[in-house]
Amino acid sequence: MAKFPKIDSPCPYKADLGAIMDGDFCRMCKREVFDLSAWSDGERVAFLKGCEAEVCVRYTLPARPALAAAALAAAVIALPVAAQEPTVVYGDAAVPDEDYDMIIVGGIKDPKAVAMVEDPADATLPELPVVYDDAPQPVTVKPAS
């Protein structure tokens with residue numbers, strides 16, 4: 001079950017990140033934005049514990065309803081309506097419309113004391129088998145008749 005930091009101050013420019021980002025550098029805030037998407041839970045925690053001041057982060061989550069609802073509750077609800085992605089209502093929560101990935105981006109004021117967000121329902125999802133295209137295929141040899 002992946003853990004991500006709760007965003008204290010959502011990015012007001014989230015709707016147009018392409019226009020303000022120069023690689024991992026935000027031209028509006030004049031700060032580096034660290035992408036935590038591919039980091040392990042341990043790497044995320046260690047990074048945040050090592051930060052001395054406010055830090056800007058981003059991460060991408062698949063828009064599965066349960067995880068999306070947890071992330072929305074933690075970060076996106078504070079954004080203006082115009083800055084949010086198209087949403088649908090799922091139970092009591094608004095979640096991004098079908099095939100969207102959620103991009104969570106914003107500042108963490110006190111990285112050493114940040115709350116980590118996780119979705120307990122994520123643990124109930126079965127692990128999917130990985131099939132590699134380049135894996136050798138089993139060969140069946142039939143005896144000569």
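With a relative accessible area of 32%, Asp35 is partly exposed, a class lying between buried (under 20%) and exposed (over 50%), as computed with a 1.4 Å probe on protein chains only. The model is predicted, so that local features need pLDDT of at least 70 and side-chain atom pairs count only at pLDDT 80 or more, whereas totals for chains, interfaces and linings use all residues. Residues are numbered from 1 along each chain as its sequence is written, and side-chain values use heavy atoms, with hydrogens and water left out.

The protein chain contains three helices and 10 strands, assigned as DSSP runs (helices H or I, at least four residues; strands E, at least two) and numbered from the N terminus. Buried residues account for 31% of its 145 residues. Of the contacts (heavy atoms within 4.5 Å) between residues at least 6 apart in sequence, 71% join residues at least 24 apart.

Four salt bridges are counted, each defined as a side-chain nitrogen of Lys or Arg within 4 Å of a carboxyl oxygen of Asp or Glu. In one of them, Asp35 pairs with Arg58, the closest N and O atoms being 3.9 Å apart; this pair links strand β5 to strand β6 across 23 residues. Another joins Glu52 and Lys112 at 3.6 Å between the closest N and O atoms, with Glu52 in the loop between α2 and β6 and Lys112 in the loop between β9 (101–108) and β10 (116–117), 60 residues apart. Glu52 is exposed at a relative accessible area of 70%, while Lys112, at 36%, is partly exposed.
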